[in-house]
Amino acid sequence: MNLEIFEHISEVLDTYGQKKDVYKLIAEEVKEFFEHKCFTECDYDFAMTYRIKSAESIREKLIRNNYVVKRGNAEEIISNFQDILGFRIECKFFEEEDKALDLLNQCF
């Protein structure tokens, strides 16, 4: 790989770093939405967790999928990531999974 690609990756990671606090706020709002709109009236104790993609993971994905060559500027590259945020609904028992799915279907 040439130096230009590494500079472009660095630019993408810098842009991502500037937006990471915004992603955290979005994740908190989404989590709150699910907890208060979908699961409040439920007898089960679901835990909602999220993760924000790490800079290292983004770097690896940029290289692995050749995003730097395929896409344009840093903003465009970041906007094409579909997995910057990930959410998980944790159930204590397998039987609760069906209930969680029913509640999600009702919510949407």
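**Close-up views of a predicted model**

**View 1. The disulfide of Cys38 and Cys107.** The S-S bond of Cys38 and Cys107 has a torsion of about -80°, so the disulfide is left-handed. The two cysteines belong to distant parts of the chain, 69 residues apart: Cys38 lies in helix 1 (residues 3–38) and Cys107 in helix 5 (residues 95–107). In this predicted model, the sulfur atoms of Cys38 and Cys107 are 2.2 Å apart. A search of the whole structure gives 1 disulfide.

View 2. Cys107 is partly exposed, at 25% relative accessibility. Cys91 is also partly exposed, with a relative accessible area of 25%.

**View 3. The crossing of helix 1 and helix 5.** The axes of these two helices, helix 1 and helix 5, come within 10 Å and cross at roughly 95°. Angles of 65 to 115 degrees count as roughly perpendicular, and helix 1 and helix 5 are therefore roughly perpendicular to each other.

**View 4. Residues where helix 1 meets helix 5.** Which residues of helix 1 and helix 5 meet? Helix 1 contributes Phe33, Phe34, Lys37 and Cys38, while helix 5 contributes Leu103, Leu104 and Cys107. Sorted by class, this contact of helix 1 with helix 5 holds 6 nonpolar residues, 1 charged residue and no polar ones. Cys38 and Cys107, listed in this contact, are also the residues joined by the disulfide.

**View 5. The aromatic pair of Phe34 and Phe108.** The model has 7 aromatic pairs, one of them formed by Phe34 and Phe108. The ring centres of Phe34 and Phe108 are 5.9 Å apart and the planes are at 55°, a tilted arrangement. Phe34 is in helix 1 and Phe108 is in the segment after helix 5, so the pair ties together parts that are 74 residues apart in sequence. Phe34 is buried, at 15% relative accessibility, whereas Phe108 is exposed, at 67%. Phe33, Phe34 and Phe108 form one aromatic cluster.

**View 6. The aromatic pair of Phe39 and Phe46.** How far apart are the ring centres of Phe39 and Phe46? The centres are separated by 5.1 Å and the planes stand at 55°, so the pair of Phe39 and Phe46 is tilted. Phe39 counts as buried at 10% relative accessibility, and Phe46 counts as buried at 13%.

Technical notes. Residues numbered from 1 in each chain as written. Predicted model: local features only at pLDDT ≥ 70, side-chain atom pairs only at ≥ 80, totals over all residues. Heavy atoms only, no water. Disulfide = S-S within 2.5 Å. Helix = DSSP H or I, 4+ residues; strand = E, 2+ residues; numbered from the N terminus. Buried < 20%, exposed > 50% of the residue type's maximum accessible area, 1.4 Å probe, protein only. Axes fitted to C-alpha atoms, helices over the stretch in contact; angles between N-to-C directions. Parallel < 35°, antiparallel > 145°, perpendicular 65-115°, else oblique. Contact = heavy atoms within 4.5 Å. Nonpolar A, V, L, I, M, F, W, Y, C, P; charged D, E, K, R; others polar. Phe/Tyr/Trp six-rings, centres within 6.5 Å; stacked < 30°, edge-to-face > 60°.
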